[in-house]
Amino acid sequence: MRTGSTVNRRTAALLPLVAFLAALPSMAPAFFINFVMTQTLMLGLAAATIVFLAKYGGMVSLAQFLLFGVAGFMYGNAALEAGSRGLNLGWHPWAAVASALAVTTAAAFALGALASRTTGLYYLMLTLVYAVIGYFVFAQITEISGPSGITSIERPELLAAPVSLYYTALGLSVLAYIGFRALGRTAFGLALQGVRDDPVRMASLGFNVPLHRTLAFALGGFVAGLGGLVNVWWNGQIDPASIGIGPTLILLIIAVIGGVSHFEGAWLGAFVYVLMFTYLRDLPLIDRIGITEARFNTVIGAIVLLIMVLSPQGLAGIADRLRRRLPRPRRPGAERPAKTTGRLTRAELIDE
Amino acid sequence: MAEADTTDAEPDGAAPIVQVRSVRVAFGGLLALRGIDLDVARGERLAILGPNGAGKTTLFNVIAGDIAPTGGTVAIKGVDCTRLPSRRRPRLGVARTYQKARTFEGLSVADNIYLALAGHRRRHRVPWRSAVDRRMRAEAERVAESVRLGDHRGTAAGALAHGQRRQLELGMALATEPEVLMLDEPASGLSRGEREHLVTLLEALPEAVTVLLIEHDMDVAFRIAGRVVVMADGETIAAGTPDQVRGDPRVHEIYLGSEGGT
Ligand SMILES: Nc1ncnc2c1ncn2[C@@H]1O[C@H](COP(=O)(O)OP(=O)(O)O)[C@@H](O)[C@H]1O
Ligand SMILES: [Mg+2]
């Protein structure tokens, strides 16, 4: 089938990239792998859940970083036996992993259900409220977050070597990318896109619209939870400040500069963000022109602004446009809609 | 709902498949429906006529469950579904189209019809593709073909011309093989050839299918319908066979007289 083969073609195009990334640790310095790339992959994973909900469901969620954090806190509480300032449940690491994912998914289901009758700007506002409340819950209930975070969290033995964390993040990212894209062609994914385009029509076709939105949000929460686990293993600790409004907005910025209508964009945006964050401050010129640590965020903001002005579709949008410049045989019957809705275009899904 | 009501003469005395009783709808101070009674027999082809603003679409919305009436009741197949949410009504065999085509702009023609099928077969939460899926896809393509959208299977609904979107709406409704098919001005915006095709399609429906048709095109309406109800200002003002209605002076005055205005 036409659509099937296009998905396969994109997936095939992914192979060389994945092979390259898999070989990267033998070529690049350890710092680049374990710091830049691992962080890119785990933030990309979390940002991909924003893309998933926005692109298919029309739901722009600001709660994804909270869910990322919920998984981290739950793992920290469950895995540590003693000495931390959390619950010290002392479970087997893999039981801790399972519980973290279960709790995150359940939390996402509950939060998603509560928001399932909201759309558009109200969805954004409500999920922002989730993020704020979530932060305060962890900041004030120190039994589950430790007075200043849960520290010395260890990863399962299997992942002891630093590079194995990179491979974990890579594997999860590839799975999420392929999985999300494939989901878009299944009944569930198509129905989600139908809900995005016209919820009233979906209801009259017999669909339970709020439940569909809720299930999508729970799935997004599960994947964000996977990213959150990698994060807590990578950091070795987690504290409430790390899931505050700042990081929440950064994740949104990552998704936006990457391009909210492309899954690639999530990782692309994360890569650019981590690069800026890591290397910009080391550039020799920067001190001399008055950009010090304190003004660093302004610079990132300016770069984000520049990307957005150049391409409202973000970096993935720029890449897409370049790709379209190249002459390529057009497939028949794959016309794009003339009308796009600006912020999130719906056209992109058609012949991916 | 055990009332044996025979306000409208039933040809064979069977219980009506759609039964509307004293339905009122108020939008703020505006009474869009002022007490509508309507019985539709199984297999009947009913045209609803009336000037713009008469309340025809509102009546459809009440029957399909898109809005709850301010007063009165609606029963489908003898089941009182006045408060039943719209998403539960397809299970009673109801499918409808909208006056302003409501399709999924970002999805292709085939995907739009596929979704109608998936919703109908309760397969819409399946997160993988299976053999059932492939069959539904093949079916969706056949439906697209039947509403003359075969060449546009892969086109996004948002990129279709107006008339094509109406055809797609029709395809989505037909795909579910409904028992009660409600069409809100399906011929508007269609070319002459497309109208002919529409009439052919509707005439070819199995006899047991009940059709409720809102239509401004008299030609289409009178060819399809065995009975006509005329609405004006939230009330039914006349009912009968096409010939009876055509001859009714009130209809001439209220509706046919003003037809030139629309
Ligand atoms: N959602 C609504 N809110 C307020 N008024 C409405 C709404 N829908 C319909 N109306 C009003 O109800 C009356 C009947 O409308 P409608 O049922 O669409 O008429 P018709 O389909 O016969 O042209 C009109 O006066 C219309 O303006
Ligand atoms: Mg109308």
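Predicted model: local features only at pLDDT ≥ 70, side-chain atom pairs only at ≥ 80, totals over all residues.
**Salt bridges**

- Side chains of opposite charge can pair when their charged atoms come close.
- Both partners of the pair between the chains are buried: Arg201(A) has a relative accessible area of 1%, and Glu169(B) likewise counts as buried at 1% relative accessibility.
- Within chain B, Glu179(B) forms a salt bridge with Arg42(B), and their closest N and O atoms are 3.0 Å apart.
- This pair links distant parts of the chain, the two residues being 137 residues apart. Glu179(B) sits in the loop between helix 4 and strand 7 of chain B, whereas Arg42(B) sits in the loop between strand 2 (30-40) and strand 3 (45-49) of chain B.
- Glu179(B) is partly exposed at 26% relative accessibility, and Arg42(B) is partly exposed with a relative accessible area of 47%.
- Arg246(B) forms a salt bridge with Asp243(B), for which the closest N and O atoms are 3.5 Å apart.
- Arg246(B) and Asp243(B) both lie in helix 7 (residues 242-247) of chain B, at a separation of three residues, about one turn of the helix.
- Arg246(B) is partly exposed, its relative accessible area being 40%; Asp243(B), with 58%, is exposed because the cut-off for that class is over 50%.
- Arg185(A), Asp111(B) and Arg137(B) are joined into one network by salt bridges that share partners.

**The six-stranded sheet of chain B**

- Six strands of chain B form an open sheet in the order 6-7-8-3-9-10, with mixed pairing.
- Strand 6 (94-96) and strand 10 (235-240) of chain B are the edge strands; each has a single partner strand, so one side of each lacks a neighbour in the sheet.
- Neighbouring strands of this sheet are turned against each other by 15° on average, with direction ignored.
- Strand 7 (residues 180-184) and strand 8 (residues 210-214) of chain B pair in the parallel sense over five bridges. Across this pairing, Leu183(B) stands opposite Leu213(B) of strand 8.
- Strand 3 of chain B runs parallel to strand 8 of chain B and is joined to it by four bridges. Here Ala47(B) stands opposite Leu213(B) in strand 8 of chain B.
- Strand 3 of chain B also pairs in the parallel sense with strand 9 (residues 227-232) of chain B, over four bridges. The bridge partner of Ala47(B) in strand 9 of chain B is Val228(B).

**Burial of strand 3**

- Five of the five residues in strand 3 of chain B are buried.
- In a regular strand the side chains alternate between the two faces of the sheet.
- Both faces of strand 3 of chain B are covered, with Arg45(B), Ala47(B) and Leu49(B) buried on one side and Leu46(B) and Ile48(B) buried on the other.

**Antiparallel pairing of strand 1**

- Strand 1 (residues 18-27) of chain B pairs with strand 2 of chain B in the antiparallel sense over eight bridges. Val20(B) stands opposite Leu38(B) in strand 2 of chain B.
- The hairpin of strand 1 and strand 2 of chain B has two residues between the strands, and Gly28(B) takes a positive phi near 60° there.
- Strand 1 of chain B also runs antiparallel to strand 4 (residues 71-76) of chain B, with five bridges joining them. In this pairing Arg21(B) stands opposite Thr73(B) in strand 4 of chain B.

**A helix contact in chain A**

- Helix 2 (residues 30-57) and helix 12 (residues 263-279) of chain A pack at an angle of about 140°, with their axes 7 Å apart.
- Helix 2 of chain A and helix 12 of chain A are therefore oblique to each other; the crossing of helix 2 of chain A past helix 12 of chain A is right-handed.
- The residues of this contact comprise 21 nonpolar, four polar and one charged.

Definitions and conventions. Residues numbered from 1 in each chain as written. Chains lettered and ligands numbered in written order. Heavy atoms only, no water. Pairing = 2+ DSSP bridges. Axes fitted to C-alpha atoms, helices over the stretch in contact; angles between N-to-C directions. Parallel < 35°, antiparallel > 145°, perpendicular 65-115°, else oblique. Left-handed = near helix turned anticlockwise from the far one by under 90°. Nonpolar A, V, L, I, M, F, W, Y, C, P; charged D, E, K, R; others polar. Buried < 20%, exposed > 50% of the residue type's maximum accessible area, 1.4 Å probe, protein only. Salt bridge = Lys/Arg side-chain N within 4 Å of Asp/Glu carboxyl O.
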